[in-house]
Amino acid sequence: MTDDDRPMVIVDGANVVGSVPDGWWHDRHGAAERLRDALAPLAAEGLPAGGDAPPWAVGRPVEVVLVVEGAARGVAPVTGVRVERATGSGDDLIVRLAEEAHEEAPGRPCLVVTADRGLRARVAAAGAVFVGPRTVRRR
């Protein structure tokens with residue numbers, strides 16, 4: 001299965017990390033690494049059942065893209081998680097990635113994980129579906 005055959009799951013790293021008050025603000029880089037590591041199994045397993053994820057992303061391999069910014073920009077990719085570093089706005093990069101996914105493979109599903117209402121509207125206009133952070137944080 002190639003990347004283009006798998007649904008793309010783009011994770012708004014700053015928003016998802018910030019969704020749990022676990023002290024992430026003391027070590028943003030470390031918090032982003034912990035999120036990245038928690039996302040890695042999703043590449044092979046897909047998103048967990050019983051949440052808000054669309055059926056096409058549940059229980060099947062997905063391409064996981066973690067978008068990081070600010071202090072988390074130094075986070076390295078790991079097997080299963082591609083890391084995209086925003087040099088400017090993380091939201092702008094997420095929208096661009098969703099647009100590119102739709103343009104490169106129009107039938108390929110794209111899911112964005114974020115609680116940011118403004119970003120949700122922008123990625124929906126780009127042809128992506130969105131879910132909240134609990135969809136990937138429940139593991």
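Read along the sequence, the predicted protein chain follows the pattern β-α-α-α-β-β-α-β-α-β-α. The chain holds six helices and five strands. Both element types are DSSP runs numbered from the N terminus, with at least four residues of H or I for a helix and at least two of E for a strand. The model is a predicted one, in which local features need pLDDT of at least 70, side-chain atom pairs count only at pLDDT 80 or more, and totals for chains, interfaces and linings use all residues. Residues are numbered from 1 along each chain as its sequence is written, and side-chain values use heavy atoms, with hydrogens and water left out.

The five strands form an open sheet in the order β3-β2-β1-β4-β5. The pairing is parallel. Two strands count as paired if DSSP finds at least two bridges between them. β3 (81-85) and β5 (129-131) are the edge strands, and each pairs on one side only. On average, neighbouring strands of the sheet are turned by 25 degrees against each other, direction ignored. Strand β1 (residues 8-12) runs parallel to strand β2 (residues 63-68), and five bridges join them. The bridge partner of I10 in β2 is V65.

Contact here means heavy atoms within 4.5 Å. Axes are lines fitted to C-alpha atoms, for helices over the stretch in contact, and angles run from 0 to 180 degrees between N-to-C directions. Helix α4 (residues 90-104) touches β1, β2, β3 and β4 (110-113). The direction of α4 makes about 175 degrees with that of β1. Helix α5 (residues 117-125) touches β1, β4 and β5. The direction of α5 makes about 155 degrees with that of β5.

α4 and α5 also pack on each other, at an angle of about 20 degrees and with their axes 9 Å apart. The two helices are therefore roughly parallel to each other, a term for angles under 35 degrees. α4 passes α5 in a right-handed crossing, meaning that the near helix is turned clockwise from the far one by less than a right angle. D91, D92, I94 and V95 in α4 meet L119, R122 and V123 in α5. The residues of this contact divide into four nonpolar, no polar and three charged. Ala, Val, Leu, Ile, Met, Phe, Trp, Tyr, Cys and Pro count as nonpolar, Asp, Glu, Lys and Arg as charged, and the others, Gly among them, as polar.

Overall dimensions complete the description. The C-alpha atoms of the protein chain fill a box of roughly 40 × 30 × 25 Å, taken along the principal axes.

Notes. Angles under 35 degrees count as roughly parallel, over 145 as roughly antiparallel, 65 to 115 as roughly perpendicular and the rest as oblique.
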